[in-house]
Amino acid sequence: MKNEFKLMNLKGTNDFLPEEQIIRNKIVDTLKKVFESYGYLPLETPILCYYELLASKYAGGSEILKEVYKLSDQADRLIGLRYDLTVPFSKVLGMNKGIILPFKRYEIGKVFRNGPVKAGRAREFYQCDVDACGLESPYAEVEYFSMTKDVFEALDIEVEVHYNNRKFLYGLLEHLNVNKDDISKFIVCVDKLDKLSEEDVKGELKEFVNGNIIEEVFGYFKLDFNTLFDKLNESNVTLLKEGLDELNKLNILLKELSMDKLCIFTPFLARGLDIYTGSVWEIFTKDKSFTSAVGGGGRYDNIITKFLNDGQVYPAIGFSFGLEPIYELLKTRESFQVNKYDIYV
């Protein structure tokens, strides 16, 4: 008996019928309008990349590489499907050394990750990225936070920005005598605090860190920034002092521009990926109706610096808005509904 092939999508991929795609297009149009109002220019990069590019030392770290789709072409070259739009942006700057800085671009395109599937997280999905190279001032972070405010106000979604600094977090753990070989693992664990309970995270940490050190770290996590600054500013750990200084300058600007209510200092936030070298942030719905972040970004100076390799440091900063989680939030809203009968008539 002949086997019949069952028509179905791969797990983590979706078809979007016209009434659904119209909503998604409205979101993308809103994003483009805001991006361009801040002076960001459109860019398009290939989905297919050399795997070596995706796996390079500064291109995401071992955690993200577990989710890369790998394949080979007819010449047996090892290829990967891009897992984000940041590494391709960095590659473009590395290949086009004549680009005038600062260079600000946005790109909206498909990326692929063979990871867990849940509401707002697929395996084939769109990222909507804005990145800039050549901006060192904390005004760049403030611009991204302001852009966040404009985007979500236009979409009528109340959000809050949770932010931190990787130098601060790494430096704090070094200051508290966490073994340097364990710091990256420690950061990966505490970055789960917005998803797991404190006790669950502590349980993971106890597998490789002394319990007294864990309690000391979590004690610092419960302090506000001004208290942390006063207690830690005299530390002899260079990275910690740099992180505190960068956070302090950012906090002053946020207060001066009345953005301190939108933006919340979150000392355990790390964004997971090792590419980040300074500020990091994630966007969450204010009413917590959606558990996952609806966007996030940070500073990543090492990737472009490594690709250009001319002895200079290239400050880079970027932000990704999540089309999938935003769509999940808006698809049932009456103001976004589309009458399917109007479409198909």
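1. Basis. The model is predicted; local features need pLDDT of at least 70, side-chain atom pairs count only at pLDDT 80 or more, and totals for chains, interfaces and linings use all residues. Residues are numbered from 1 along each chain as its sequence is written, and side-chain values use heavy atoms, with hydrogens and water left out.

2. Secondary structure. The protein has 14 helices and 11 strands. These are DSSP runs, numbered from the N terminus: helices are H or I with at least four residues, strands E with at least two.

3. Overall size. The C-alpha trace spans about 70 × 50 × 50 Å along its principal axes.

4. Packing. Of the 345 residues, 50% count as buried (under 20% relative accessible area, 1.4 Å probe, protein chains only). Take contacts (heavy atoms within 4.5 Å) between residues at least 6 apart in sequence: 71% join residues at least 24 apart.

5. Surface. The protein exposes about 18,100 Å², by the Shrake-Rupley method with a 1.4 Å probe. Carbon and sulfur atoms supply 50% of that area.

6. S90. This residue lies in helix α4, residues 86–95. S90 counts as buried because its relative accessibility is 0%. Leaving aside neighbours within four places in sequence, S90 is in contact with Y300, I303, I304 and F307.
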